[in-house]
Amino acid sequence: MSTEIHPLEIHDLTVAYHKRPVLYGIDLVVPRGSLIGIVGPNGAGKSTLIKTIMGQVPANSGWVKIFGKPFSKVVSRVGYVPQRESVDWDFPVNVMDVVLMGRYGRLGLMRRPTKEDKKIALACLEKVKMLPYANRQISNLSGGQQQRVFLARALAQESDLYFMDEPFAGVDAATESAIIEILHDLRKKGKTILVVHHDLPTARKYFDKLLLLNMRVVAFGPTEEVFTYDILQKTYGGRLTILSEVADAVGEVHPSSDQRE
Amino acid sequence: MNDFIPSFDFYTVFVEPWTVDADTNIWLLLMGFLVTTACGLIGKFIILRRLALVGDAISHSLLPGIAVAFILTSSRATFPMFIGAVIAGVVTTVLIEFIHRKSRVKPDAAIGIVFSTLFAIGVIIITVFADHVDLDADCVLYGEIAFVPFLDPVELGGMMLGPFPVVRMAIVLLILIGLILLFYKELLVTSFDPALAASLGIRNGVFHYGLMIVLSLVIVSSFESVGAILVIAMLIFPGATGSLLSDRLPVILWMVAGLSFLYALLGIHLAIWLNCSIAGAMVVIALLLFIFVWVFSPKKGLLQKWVRQRLEDPDSPSSTA
């Protein structure tokens, strides 16, 4: 065992929907303990990348290895937070039921959650400051509370590698700081986290590393190295509204930069 | 004076059924309860997965499956009929998905294409082979629960269990309850959050097809009594009414059983009063109970909302208007 086994390794991955390529020639090696933001314009294939890694979308070519193995062999080491809007929040379950779903992968077929599972679920709710809501019907939650429930569920999975799809979308300030705290806590424990994120200015603030994606990997590296005007322009093309935002954002790092308009 | 509505006589409507005609009505009540509970339980999961229309589709597209089974075996035995129903149910599900995926036709349109065509094929088979098949479209469409008590009784070790369709329905219901208990958490997570389920290594496809197969079996065992059209009401009403009363799935599933009993009991009395189809009367009762619950539900009822609004805001425009 001379070479380290990486949490995530992708080689030459290509994905197409209805013969139109969505992702093209993705190569990526993610080291352990990184907190990575996946950033790119709409339709850049950010969610598709995550779904392909977890085998929900078939790849046309290339391979993905998670801890050196195909996804299906390491399911319990991977946690997932889908987009909040992807589920029906009128579903007849309460907060506790949803968090317990995070334990299902470990339970296996035909086994019911034990007292131990419930204890873990409650501890996870405590971490996201949602313990008083454990018996609350999920339709009575605000957007931020819904997101925290999803996060608690992911924590209950006790995984080593996490994928989160837009966890910051439409949440309040308290939830935002709660999520950041938990992400940093997970990283400290040596977990690896990949977060799809659509807001550029905050991306620089939240993540140590950024993966700039637009069908291909435009850049991947430490945030301070890749969050530059040139790379962002390459990622977003000529979308002016975003670019002026970018200019402002980059301007904050390099106030003397002549790129600023 | 009024010939449309028969006169209401308490003795004939409420006493006679449980004294003079008790032998018959007890089986009607039991069959109505079993059919509606089985349909309501699986129907709740179908509704939660936004597949109510697929339930509708399968109830119609089982016809060619059953018809072919009858022709091949020239009998109305249960086993070939169940096989035919399962094959037809799976074919329906596969075709809907295939058309939707490959042609970019929207799912509701794909459902419409598939079930009407399969039903048409069923009608053609039945009319072409009319001489060989002891089966008419009316029987499959409407069913007749009133015949159930007089069908061949089942004996087990010298003990009379009951008419064959009732015993068969009871077995189907028990299997259904067993499956729900065994796979409750998988059904829950694949219905609520299929993306999470997939990431947990739970195969959404297996549960989707499993559900469709069990749905086909429940529907085919209900055909004789309620038929292909009214079975849709039995799939939807109990779960929809239950969800107006509770926010917890296990509680709703218990309510399905309670509501089913009420549908069957009140349906029988309504049918005796009006001298009409029992299955039809059960559906009318289901609708009346749905409206009643919608208005009076303690948690989500219209009345409760109205009262609460008045208490919170006595000067609202509605009170001054």
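Let's start at one contact between the two chains: D193(B) pairs with R153(A) in a salt bridge whose closest N and O atoms are 2.7 Å apart. The term salt bridge here means a side-chain nitrogen of Lys or Arg within 4 Å of a carboxyl oxygen of Asp or Glu. By that rule, the interface of chain A and chain B has three salt bridges.

A word on the model before we go on. It is a predicted one, in which local features need pLDDT of at least 70 and side-chain atom pairs count only at pLDDT 80 or more, while totals for chains, interfaces and linings use all residues. Residues are numbered from 1 along each chain as its sequence is written, chains are lettered from A and ligands numbered from 1 in the order in which they are written, and side-chain values use heavy atoms, with hydrogens and water left out.

Now back to the interface. Chain A brings 31 residues to the contact and chain B brings 27, where contact means heavy atoms within 4.5 Å. Together the chains bury about 2600 Å², 65% of it on carbon and sulfur atoms; buried area is the accessible area (1.4 Å probe) that two parts lose on being put together, summed over both. On the chain A side, F91(A), P92(A) and Y104(A) supply 25% of the area buried against chain B, more than any other three residues.

Next, look for the second largest pocket, with a volume of about 710 Å³. Of its 27 lining residues, R112(A), L181(B), Y184(B), P250(B) and L253(B) are the closest to its centre. On a 1 Å grid over the protein atoms alone, a pocket is an open set of points with protein on both sides within 12 Å along at least five of seven lines, a cavity is a set where a 1.4 Å probe fits but cannot get out, and lining residues have an atom within 4 Å of a point. Among the helices, α7(B) gives the most to this pocket's lining, with five residues. By class, the lining has 18 nonpolar, two polar and seven charged residues.

The structure also holds one cavity of 30 Å³ or more. The largest cavity has a volume of about 40 Å³, and its lining includes V75(A), Q157(A) and, from chain B, L200(B).

Finally, chain A is divided into domain 1 (8-227) and domain 2 (228-261), with bounds from an automatic or database domain assignment. The C-alpha centres of these two domains lie 28 Å apart.

Key:
Points joined across faces, edges and corners; volume = space filled by probe spheres on them. Helix = DSSP H or I, 4+ residues; strand = E, 2+ residues; numbered from the N terminus. Nonpolar A, V, L, I, M, F, W, Y, C, P; charged D, E, K, R; others polar.
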